[in-house]
Amino acid sequence: MVTTKPLIEVHHLSVRFGHQIVLRDVHLTLPRGQTLAIIGESGCGKTVLLKAMIGLIQPTAGEVIFDNQRLTDLNEKELTRQRMRFGFVFQNAALFDSLTVAQNVAFPLRQHQTVAEEDFERIVTARLAEVGLPESVLAKKPAELSGGMRKRVGLARALVMNPEVLLYDEPTTGLDPIMADVINELIMRTRSRYPVTSVVVTHDMNTARKVADRIVMIYPHARLAEDAPQIIFDGQPEMIDRAQDRRVTQFVRGEAGERLMELNEQGLGRNSLGDGEHG
Amino acid sequence: MSSPPSQAANPHPVSLMDRLSGMIADLGGAVILWRDVIIVWIETIGDATLFVWRIFSWLFSRLPLRGTLFPAFYQIGVLSLPVVALTGTFIGMVLAVQTYTQFRLIGFESRLGAVINMSLLRELGPVLAATMLAGRIGSSMAAELGTMRVTEQIDALISMGSNPIHYLVIPRFLGCLLLIPSLTVMADFMGVAGGFFYSVIILDIDSFHYWNNAREFVAVWDLFYGITKSVFFGATIAIVSCYRGFHCTPGAEGVGRAATAAFVYSFVLILILDLFLGILLDKMYYFIWPDSPKLL
């Protein structure tokens with residue numbers, strides 16, 4: 001059940017890498033139990049926002065508040081304790097190459113020793129079964145798995161500590177449409193089985209429409225007018241098709257729009273320069 | 001008719017003012033470039049110092065996990081044994097080849113044992129073993145950690161509530177700190193054996209005089225001297241390589257650059273440390289044994 005009390009609050013968040021501003025004054029709140037999809041074109045700062053939520057990236061300005069606690073105020077031990085309440089599904093699964101599938105999934109259990117050693121195998125097998133993977137993959141190394149299987153192992157590893165928040169970074173990128181739908185289905189099943197709050201970063205509109213209660217669209221800072229907000233859409237999935245902002249509709253429909261014109265202009269510019277040089 | 005060459009090359013002569021302002025602009029650009037380079041260096045030194053501080057604070061606050069320690073020790077120690085043994089043996093033999101001709105001219109060939117063993121224990125054993133290990137272990141650690149950084153495995157580790165310094169760096173640091181001195185002893189031993197083999201078996205030097213001279217000139221202090229240096233070399237290789245791996249830039253190029261930088265920086269630091277530790281240890285020696293003969 002979705003309650004009104006926000007679990008995650010992002011206040012005036014800005015992130016800059018060197019001279020490059022990625023996020024500027026982003027404000028977002030996420031109520032407990034909600035599934036939020038953050039969409040936007042590549043390089044707009046979706047993943048940076050996701051990583052800032054768990055303290056993997058330090059903001060240049062602003063703050064992230066998780067369950068009434070400001071992440072920047074926490075010491076390493078407290079931050080570790082808070083991070084154990086999260087599960088993070090990375091874009092390329094980020095499984096440890098040197099460990100087997102079973103060791104990867106059991107990794108958080110072993111690190112925090114929350115359950116007895118003899119229960120590890122049972123828990124790992126159960127988590128893998130939840131994501132549709134057989135016991136035969138337990139002894140395999142990540143390099144021996146397909147992209148879809150790796151993502152599912154990543155999801156099983158994220159679920160193993162019974163997290164309150166699940167963060168998905170591009171869960172369907174690089175997968176065929178059928179496997180992408182399997183992952184979408186797993187996200188929905190996880191949500192129905194466990195009382196989790198989820199944030200799904202994606203540029204796949206099928207995923208956003210299917211799994212999310214709410215969609216937020218971020219626009220790249222480099223293309224943004226001065227002082228314009230970086231979040232250009234925040235609403236329910238049904239509303240996004242009726243959005244008035246052309247930038248939103250173009251993204252939803254997958255239209256290049258003025259990008260194509262820019263491309264043509266640059267191409268023409270180069271051609272005319274070339275003509276000039278040869279003429 | 002063609003125009004004079006000077007006119008053709010420079011149709012619009014540049015005024016003195018233009019040239020002067022151009023020079024000032026160039027100078028300004030150079031100053032800005034140097035300022036940026038200096039800032040980056042200061043940032044890197046500060047960052048590396050914090051990295052070392054975090055290593056030592058984790059080292060003394062929590063024991064490393066056995067599951068991470070043994071694979072690191074195996075990788076650093078056991079797998080390096082053949083290459084270090086080979087390096088040591090050949091250094092010993094090469095030293096015999098190089099010094100024999102010179103010493104024979106002055107009739108001192110029986111002193112070869114002293115020269116070879118002293119050079120090996122004090123200098124060549126520790127430095128060349130460390131150089132070899134910086135290439136073998138340092139580059140591999142930087143590439144491994146760099147790949148983990150690029151493929152978000154380090155982020156995954158943090159997100160699961162683990163500390164990457166404790167989980168990834170401490171086992172490697174301890175491995176280098178404890179096993180590089182042990183490997184240096186191995187290189188010394190093999191070098192002594194290699195030098196003896198070449199001098200006595202190939203060059204036909206009398207074995208009694210060879211060992212007698214070696215015993216007379218080489219003492220336990222020389223072994224301590226080399227091992228002390230190798231402890232610092234081991235720590236340097238671990239810190240530099242792990243730091244480069246952790247701060248790897250994205251892509252295959254970034255990983256390659258981290259591996260190369262790990263070796264180059266380790267090698268340079270080994271040479272610098274070698275000089276300063278040499279001076280320090282010599283001062284220590286003459287402080288403890290002030291009556292020992294000095295060159296100057």
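In this predicted model, strand β9 of chain A, which covers residues 214–218, runs antiparallel to β10(A) and is joined to β10(A) by four bridges. Within this pairing, Ile215(A) has Gly235(A) of β10(A) as its bridge partner.

Both strands belong to an open sheet of six strands in chain A, whose order is β6-β7-β8-β3-β9-β10 and whose pairing is mixed. Strands β6 and β10 of chain A stand at the edges of the sheet with a single partner strand each, so one side of each is left without a neighbour in the sheet. From one strand to the next, the twist averages 15°.

Helix α1 of chain A, made of residues 46–53, lies across β3, β7, β8 and β9 of chain A, and runs at about 150° to β8(A). The residue ranges of three of these strands are set out here.

| Strand of chain A | Residues |
|---|---|
| β3 | residues 35–39 |
| β7 | residues 165–169 |
| β8 | residues 197–201 |

Taken as a whole, chain A contains ten helices and ten strands. Its radius of gyration is 21 Å, close to the 19 Å that the globule rule gives for 279 residues, and chain A is therefore as compact as a globular protein of that length. The C-alpha trace of chain A spans about 75 × 40 × 40 Å along its principal axes, and buried residues make up 38% of the 279 residues in the chain. Of the contacts in chain A between residues at least 6 apart in sequence, 67% join residues at least 24 apart.

Key:
Residues numbered from 1 in each chain as written. Chains lettered and ligands numbered in written order. Predicted model: local features only at pLDDT ≥ 70, side-chain atom pairs only at ≥ 80, totals over all residues. Helix = DSSP H or I, 4+ residues; strand = E, 2+ residues; numbered from the N terminus. Rg over C-alpha atoms; globule rule 2.2 N^0.38 Å. Buried ≥ 20, exposed ≤ 12 C-beta atoms within 10 Å, placed from the backbone. Contact = placed C-beta atoms within 7 Å. Pairing = 2+ DSSP bridges. Axes fitted to C-alpha atoms, helices over the stretch in contact; angles between N-to-C directions.
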